[in-house]
Amino acid sequence: MSGLSVKLKTPLTGEYDQPIGLFINNEWVKGVDGKTFEVINPTDESVLCSVQEATEKDVDLAVAAARKAFEGGWRRESPQKRGRLLSNLADLFEKNLELLAAVESLDNGKSITLAKGDISNCAGCLRYYGGWADKIEGKVVDTNADTFNYIRKEPIGVCGQIIPWNFPLLMWAWKIGPAVAAGNCVVLKTAEQTPLSALVAATFVKEAGFPPGVINIISGIGKIAGAALSSHMDVDKIAFTGSTIVGRQIMKAAASSNLKKVTLELGGKSPNIVFGDADIDNAISWVNFGIYYNHGQCCCAGSRIYVQDSIYDKFIQHFKARAEANQVGDPFHENTFQGPQVSKLQFDRIMGYIEDGKKAGATVETGGKRVGDKGFFIAPTIFSNVTEDMSIVQEEIFGPVCSISKFSTKEEVVKLANNTSYGLAAAVHTSNLNTALEVSNALKAGTVWVNQYNMLHHQLPFGGFKQSGIGRELGEAALENYLQTKTVSIRLGDALFG
C-alpha cells in the first residue's frame, strides 16, 4: 500500500494506517485520472485526509475485475468455501472491532458506543450469511411421468452496490454478505462523505482469503462513480441505499442501460404511535431512541410522533425532559449519545427545515438551534402544534428533529400514520395486544415495532412499502435479491434413459 495510506489518529486507538486508494482485484491502486477528494471531520470541521476518487475509468476496471473473477471460477466455487470466507471476514471484524468503531466515529461522527454496536452487528451479519451459503437449494417439480423438471438458484453475476454515509460499515456488511453468499462478485462504492471505515474494512478481504476481484471497494462522487456503476453495461444488478430522489435516478439509469436488476432501500417518514394505555416511561425512552439514535440520520427514524389525547400533555412534558437529557458532543466521550451531523451540507439542510417549521407556525418545545460554534452539532428538536401539510411533517429531514401530534381513535391515527408517500417503518406503543396487532396490520410499512424502536436484526427482513424502496435487506429475503431462477425441463425417453 506504499503511497496509498496515511497515518491518522483516533482518541480510542491512537495512530493507525488509513488506506486512501481504490481496492480493485485485491490490490490498492490510484485512480486512473489521478483525482482525489477531501474527507472532513464533522466534529471539528478539519480535513482528515484526501482519498483517491474513482471516475468512470476506474469503475470500468473494477467491473472488469469482478467479471473476470465471476466467470473465472467464483460462480462455481463451493458454497462451503464461500461461507467459510464470509465467516473469516466476520472474525476479522470482531478482532478489529475497536479500530473499525474508532474510524467510524472519526469519519461519521457517531458516538463510539453506538459505533461499537454497529461493528458487532456487522460481524453478526457476515457470519449469518456465511451460514446461508450452503443452504441455497433448488427444487424438483413433478409435472407428469414423461418429464423430469428441476429448478436451480443461480447467482446474478456482477453486482454494483452503493452505500450511504449514515451507517458506512453496517451497510457494507448488509450489501456484501448476501451477494457473496449467493455466489456473486461485487463492486461497492462508498459514500463520498464517509469512505474511511469501508476502506479499512477492505484490508481484511484479502486476509480473509477471498480471490482477486470478488470484492472491490471504490470511493467516488455519486454523480460520477455512482452514475457510471448504475448505467454500466456489464453490471448485472445494482443495489442502493439512500434517498428516494437518487433512487429514482438509479432506477432510470438501470432501465436505460441493460435493464439490470435493481433493489432500493430508500427514505422514510415513519410514524411512532403512543396509545393512552402504554407504559409512558418506556414509550418515551423508545420514542427518544427512535428519533435521536444516530443523530436522527436514520432512514427509519420515528420522526412523526402521534400521542393519544388522554396522555398528550404529560407525554410532551416528559419527552421534552428526556430529549434535553441526551448528551450531545464529542463522539469519543463514552457518555455521548448524539454526535455531529455528518457534513455542513446536511447541517444546513436540517437547520433549513427547522426554520421552515418555525415560519409555518409550529411550536419549538425544545432545541431548534446549533450546539456550540464548531462542528455540525444540532440540539435535539421537538415541534408541537403542527399540521399535516407542513414540510417538517411530510418531508424526510434526516436529522434530530421530530413533530408531535394528538389523536383520539385508532381509526384516526392509522389514517394519519399512512398519510405519507413513504412506508419504511412504524411503531405502536400499547399494553393491549389486540390494539398492537390491529394497528400493526393496518399500517403501510415494511417494519412495525411494538413497544420498541430501531431494533433491527440480520435475521429479519428490512425494506419499504410505497416510495421507501424495492426489495428487502437482511434475512433469507435478501438472498433473493442476488439470485435468479432457472428451470430445466427434460423430456424422458430412450435417448437419455434407454
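**Close-up 1. An aromatic pair at Phe-23 and Trp-28.** Phe-23 and Trp-28 are both buried, where buried means under 20% relative accessible area, exposed means over 50% and partly exposed falls in between (1.4 Å probe, protein chains only). Their rings make a tilted pair, with 5.1 Å from centre to centre and 55° between the planes. For the bookkeeping: rings of Phe, Tyr and Trp (its six-membered ring) pair if their centres lie within 6.5 Å, and planes under 30 degrees apart count as stacked, over 60 as edge-to-face and the rest as tilted. This is a predicted model, in which local features need pLDDT of at least 70 and side-chain atom pairs count only at pLDDT 80 or more, while totals for chains, interfaces and linings use all residues. Residues are numbered from 1 along each chain as its sequence is written, and side-chain values use heavy atoms, with hydrogens and water left out.

**Close-up 2. Phe-93 meets Phe-204.** A search of the whole structure turns up 17 aromatic pairs. The ring centres of Phe-93 and Phe-204 are 6.2 Å apart and the planes are at 70°, so this pair is edge-to-face. It links distant parts of the chain: Phe-93 belongs to helix 2 (residues 79-95) and Phe-204 to helix 6 (residues 196-208), 111 residues apart. Helices (H or I, at least four residues) and strands (E, at least two) are DSSP runs, numbered from the N terminus. Phe-93 is buried, at a relative accessible area of 0%, and Phe-204 counts as buried too, at 5%.

**Close-up 3. A ring cluster, and a lysine over a tyrosine.** Phe-167, Trp-286, Phe-289, Tyr-293 and Phe-337 are joined into a cluster by ring pairs. Elsewhere, Lys-237 has its charged end over the ring of Tyr-482, 4.4 Å from the ring centre. The test for that is NZ of Lys or CZ of Arg within 6 Å of the ring centre and within 35 degrees of the ring normal.

**Close-up 4. Helix 10 and its buried face.** Tyr-312, Phe-315, Ile-316, Phe-319 and Ala-323 are the buried residues of helix 10. Down the helix axis they fall within an arc of 95°, so they line one face of helix 10; the arc is that of the directions from the axis to the C-beta atoms. An α-helix has 3.6 residues a turn, so residues three or four places apart point the same way. Asp-313 and Gln-317 are exposed on the face turned away from the buried side of helix 10. The packing partners of the buried residues of helix 10 are strand 14 (271-274), helix 9 (280-292), strand 15 (304-308), strand 16 (363-366), strand 17 (381-384) and strand 18 (401-407), with contact meaning heavy atoms within 4.5 Å.

Close-up 5. The 16 residues of helix 11 (residues 344-359) should span 22 Å at 1.5 Å a residue, and the end C-alpha atoms agree at 22 Å apart. Buried here are Gln-346, Phe-347, Ile-350, Met-351, Tyr-353, Ile-354 and Gly-357. These cover an arc of only 150° around the axis, which puts them on the same side of helix 11. Leu-345 and Lys-359 are exposed on the other side of helix 11. Strand 17, helix 12 and strand 18 pack against the buried residues of helix 11. Just after helix 11, Gly-361 has a positive phi of about 100°.

Close-up 6. In helix 14 (residues 433-442), the buried residues Thr-435, Ala-436, Val-439 and Ser-440 cover an arc of only 115° around the axis, which puts them on the same side of helix 14. Leu-433, Asn-434 and Asn-441 are exposed on the face turned away from that buried side. Cover for the buried residues of helix 14 includes strand 14, helix 13 (410-417), strand 19 (425-429) and strand 20 (447-450). Asn-432 caps the N-terminal end of helix 14, with a side-chain oxygen 2.8 Å from the backbone nitrogen of Asn-434.

Close-up 7. Glu-45 is not a glycine, yet its phi is positive, near 70°. Glu-45 sits in the loop between strand 5 (36-40) and strand 6 (47-52) and is partly exposed, at a relative accessible area of 35%. Asn-385, also not a glycine, has a positive phi of about 55° and lies in the loop between strand 17 and helix 12 (391-394).

Conventions: Polar contact = N/O pair within 3.5 Å; in protein donor to acceptor, adjacent residues only side chain to side chain. Expected span 1.5 Å × (residues − 1).
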